[in-house]
Amino acid sequence: MAITNIKNLKEFSTANERFEGAHLLCPGCAHSMIVRELMNATDDNLVIASNTGCLEVSTAVYPYTSWDTSWIHIGFENAATAASCAESMYKARKRKGTLPDPDAPVKFVAFGGDGSTYDIGFQWLSGAMERGHDFTYICLDNENYANTGGQRSSSTPIGAHTSTAQAGSESYGKTQRKKDMVAIMAAHGAPYVAQLSPNKWKIMAKGFQKALETEGPCFINTVSPCTTEWKFDPKDTIHLADLATDTLMFPVYEIINGTELNILYRPKNVIPVEEYLAAQGRYKHLFKPENKHVIERIQKDIDAKWEYLQRREEARV
Amino acid sequence: MAKKFELNEVEVWDGNYATSQALRQAQVDVVAAYPITPSTPIVEGYGAYKANGYVDGEFVMVESEHGAMSGCVGAAAAGGRVATATSSQGFALMTEVLYQASGMRLPIVLCVVNRSLASPLNVRGDHSDMYLGRDSGWINIDAFNAQEAYDLPLCAFKIGEHLDVRLPVMVHQDGFTTSHKAQNVRPLQDEVAYKFVGDYVPVDDMLDFSRPVTHGAQTEEDWHFEHKAKQHKALMDSTKVIDEVFKKFKDLTGREYKRVETYYMDDAEVAIVALGSSVETATLAAKQLREEEGIKAGVVAPRVFRPFPYDLIRDALDKESLKAVCCMDKSAPGGAMGALFNEVSAAAYTTQSRPMITNYIYGLGGRDFSIDEAKRIFKEQKAHADAGHITTPIQQFSGVRGPKLGFFETKRGN
């Protein structure tokens, strides 16, 4: 049985595994925590599609697989299409009576990193959301192309150093701001959209359940601190997620039917963003005097976004 | 249950509509498609069946051709019958996923209405798209007219889904020349057609939860080669099933298909090898030349382009009488001989007689290929035969403006 109602972490840690422990993800990678939590959020059968990326290359290297469930990978960009058209096949076969077990409940899920979600698979995701399939898309957002060695993505925040947006004598790293994927997905009219973080595991489990139970296309952006490319000690993954949510760099919230915005976690003490940035090697250069303005800009953006989210929540529009 | 579609014994259909009827009769579970000229009417036809209750399956209009083939792969892995249609740029956009579909051994049927590839942009028929996909690991079958554009998709499901094959299949037809030309077509009744195709048999079904399956795993240098070798063997070995299915189709309909079609080849001295609707043009030219000028002309046409029928091409060309053969490629060769020339030459090299072989590039972007042009090419082959050596460059262009183009000279015979 899955742990659909997590009471404590000890119980969760011994929950039924449909995602096997033997995989090749980096020690300290948050991807496996998020995937396990999703797979433990339901007792239903799962059909999972993965885009090419860290998760895919680390969990299905022939002749091994970490997936004790139906799983498919096609290419970098098309997990949303694979999952959504598998769902179409389910509907067709249900209607025609050709399913092996017609009463078996099933959920369709697609995983992608921010590379495949924000960038190369954006069109495929948008198409699947617009078509209204009953599936949930989960982005494991580590803000860079980690699988290929840490290049910039359109999810990489301003000021971060990546191998293709480097910090140097003439550069403070990436100069563009992070794309607001949650807003874009909500604008598709998706019935359920959320941004969740693995440190807030109870909220995450509930969000996953809500997405799986909601009929129609749902999107969840999850924060996945990347020990390798953010450059922090593998034991500090959840500490980094704590800093991400408590600085409001990653606010935790949901949007229902494109309009009803609910903030799911309100830090008691909001931490200045310096603390989050200082904990990661990728932002080291921002603490040089000439780059101080970038930190100020990031803090300003965070404050403005938080203000915006609160006003949206209040206005219910 | 889908409604039965009332059909006459003889219908007047163009190639596109004939194909869409075949997809309907095969009771495809999921069609994931994106429209593109000249294959659009296949998708539109299917949309009309869906809207009026003639199909029970799902019709998924995706956002691109890459999405269409991606959707086909996802749907096929979920254990049902899947098909789509495309042309040209859409085919090019699908190409990444074509390789994934075949590598994952999913028996999808792709109806390709052949059209040129840009640039320059052109909507007319040539074989650029067919050639682009020729190494993608799919079975490729070629329809030369509307009747065949109906018959061959029915055969394609049965071939690709056969448990000894499990490979995706493309059925090609020429853009406009076949796809938009109305002809008499003799369809099967719905129940007869479906009985011929048969029920879909799922393999590694993602919706069979008693047996979880991983599709699309990664392999590196330790296993990739074995997978690709096995896939190639399956493709090469599919000839047996293709022959069987063609025989069953003949038993049912009287219409006979062979992996290589030959016309007037018994005593031919000169021959054209071609694909698509040009086969019918060349055959008419051969007939007329025999009647009018006594030139023993014949035509060889690979019905199955992949797996390439080296054995049957060899046998078709291995005749004492045959002296000169022209391979006609309707695709810009991009710095090489045409693909058909290369394949046919490889097969012909294994014959005792080793006829002279030349290559014509023709018909690009829908440039018309006429009976007169075919006659001229036959006569040129006759000149080679009479001279005992090739009297022109090996590769020439036919029907193009500007100075005569010729590339590569033989060292044989002169």
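Predicted model: local features only at pLDDT ≥ 70, side-chain atom pairs only at ≥ 80, totals over all residues.
Residues are numbered from 1 along each chain as its sequence is written, and chains are lettered from A and ligands numbered from 1 in the order in which they are written. For the complex, the predictor gives an ipTM of 0.97 and a pTM of 0.97.

Chain B contains 12 helices and 17 strands, where helices (H or I, at least four residues) and strands (E, at least two) are DSSP runs numbered from the N terminus. Its radius of gyration, taken over C-alpha atoms, is 21 Å, close to the 22 Å that the globule rule (2.2 Å times the number of residues to the power 0.38) gives for 414 residues, so chain B is as compact as a globular protein of that length. Along the principal axes, the C-alpha atoms of chain B fill a box of roughly 70 × 55 × 45 Å.

Of the 414 residues of chain B, 56% count as buried, meaning that 20 or more other C-beta atoms, placed from the backbone, lie within 10 Å of a residue's own. Helix α1 of chain B, residues 15-25, is mostly covered, with 11 of its 11 residues buried; among them are Y17(B), L23(B) and R24(B). Just after α1(B), Q27(B) takes a positive phi of about 55 degrees.

Notes: Buried ≥ 20, exposed ≤ 12 C-beta atoms within 10 Å, placed from the backbone.
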